[in-house]
Amino acid sequence: MFGPAIIIFRETLEAALVLGIVAAATRGVDRRGLWLVMGVLAGLVGSAIIAGLTETIAQLADGSGQELFNAAVLGVAVLMLAWHQIWMATHGAELARDARQLGSAVKDGQRELSAIAILVALTVLREGAESVLFLHGMAMGGSSSLTDIIAGGALGLAGGAVIGMIMYLGLMRIPLRWFFSVTGALLVLLAAGLAGQMARFLIQADLIPALATPLWDTTALLPTKSLLGSILHVLIGYESAPSGMQILFYAGTLAIIVTCSALVKRRQTVQLLKPTQG
């Protein structure tokens, strides 16, 4: 039971932390709960389908299909996070002024939430498919009984969900004047971390060079698969032994999102000042 519990805990933890961050980051946006639930349900259905097609996917592209699929999922997730952060650069101040009365931002908020729903669906899809595959492998290998797998899976699911909820409640206690800055920073780091993971899958598929493997190695101090390492892996993209290309993807994504958000915010500020100057 311990093995399945650990596996499901780690997979649930990643999905729960992402869900907790994006749920907090969309605080005050109308009907965000509905969009998040839709994303979770779509991800669960998709994960079951992907788990059933894993062998077919793995055989594509000369055996690199699984890596390419994972890289594609992560790439879309990065785009959704970037879209959200750039949207928040123009609407965050308005939401901070009044988290309940959105006025004309409601329509834009719905479009922004569709991107968040896609992100949640992709996250649940990826983690859910991996969970199903891991548990199926353990069942077929005879290392765990069906009872142990079910009990361990339930225990791991509950543990991951609890930490995700703690993250969400902790973020919601942040004063509103700092709230969007904190959640925005977390989302940018989350996007950069996903980009680094995407690079790892592309390297495994032999599509891009590693440049240096590893660039550093802190496994002895803090393994990525430890509890703290797993949390930091989701929150800031921590890798105990990253390649040089992963760091390039991480830093490049970070720079692009921050720069684009700053430019969009600056453009909006200039537009708001124009009537006053005239």
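**View 1. Leucine L44 in helix α2 of a predicted model.** L44 is located in helix α2 of this predicted model. With a relative accessible area of 46%, L44 is partly exposed. Together with V37 and L41, L44 forms a nonpolar patch on the surface. The accessible area of these residues together is about 270 Å².

**View 2. Helix α2 and its buried face.** Helix α2 spans residues 32-52 and has 21 residues. From its first C-alpha to its last, α2 reaches 31 Å, close to the 30 Å expected at 1.5 Å a residue. The buried residues of the helix are R32, L36, G39, G43, G46, S47, I50 and A51. Seen down the axis of α2, these buried residues fall within an arc of 125°, so they line one face of the helix. An α-helix has 3.6 residues a turn, so residues three or four places apart point the same way. V45, A48 and G52 are exposed on the other side of α2.

**View 3. The salt bridge between E239 and R200.** A search of the whole structure finds one salt bridge. In this salt bridge, the side chains of E239 and R200 meet at 3.9 Å, N to O. The pair links distant parts of the chain, with the two residues 39 residues apart. E239 lies in the loop between α8 (227-236) and α9 (244-277), and R200 lies in helix α7 (residues 176-204). Side chains of opposite charge can pair when their charged atoms come close.

**View 4. Accessibility of the paired residues.** E239 counts as buried because its relative accessibility is 16%, and buried means under 20%. R200 is partly exposed, with a relative accessible area of 25%.

Key: Residues are numbered from 1 along each chain as its sequence is written. This is a predicted model: local features need pLDDT of at least 70, side-chain atom pairs count only at pLDDT 80 or more; totals for chains, interfaces and linings use all residues. Side-chain values use heavy atoms; hydrogens and water are left out. Helices (H or I, at least four residues) and strands (E, at least two) are DSSP runs, numbered from the N terminus. The expected span of a helix is 1.5 Å times one less than its number of residues. Buried means under 20% relative accessible area, exposed over 50%, partly exposed in between (1.4 Å probe, protein chains only). The arc is that of the directions from the helix axis to the C-beta atoms. Patches are made of residues with over 30% relative accessible area and no salt bridge: like charges are joined within 9 Å, nonpolar side chains (Val, Leu, Ile, Met, Phe, Trp, Tyr) within 5 Å. Accessible areas come from the Shrake-Rupley method with a 1.4 Å probe; for residues, only the protein chains shown count as cover. A salt bridge is a side-chain nitrogen of Lys or Arg within 4 Å of a carboxyl oxygen of Asp or Glu.
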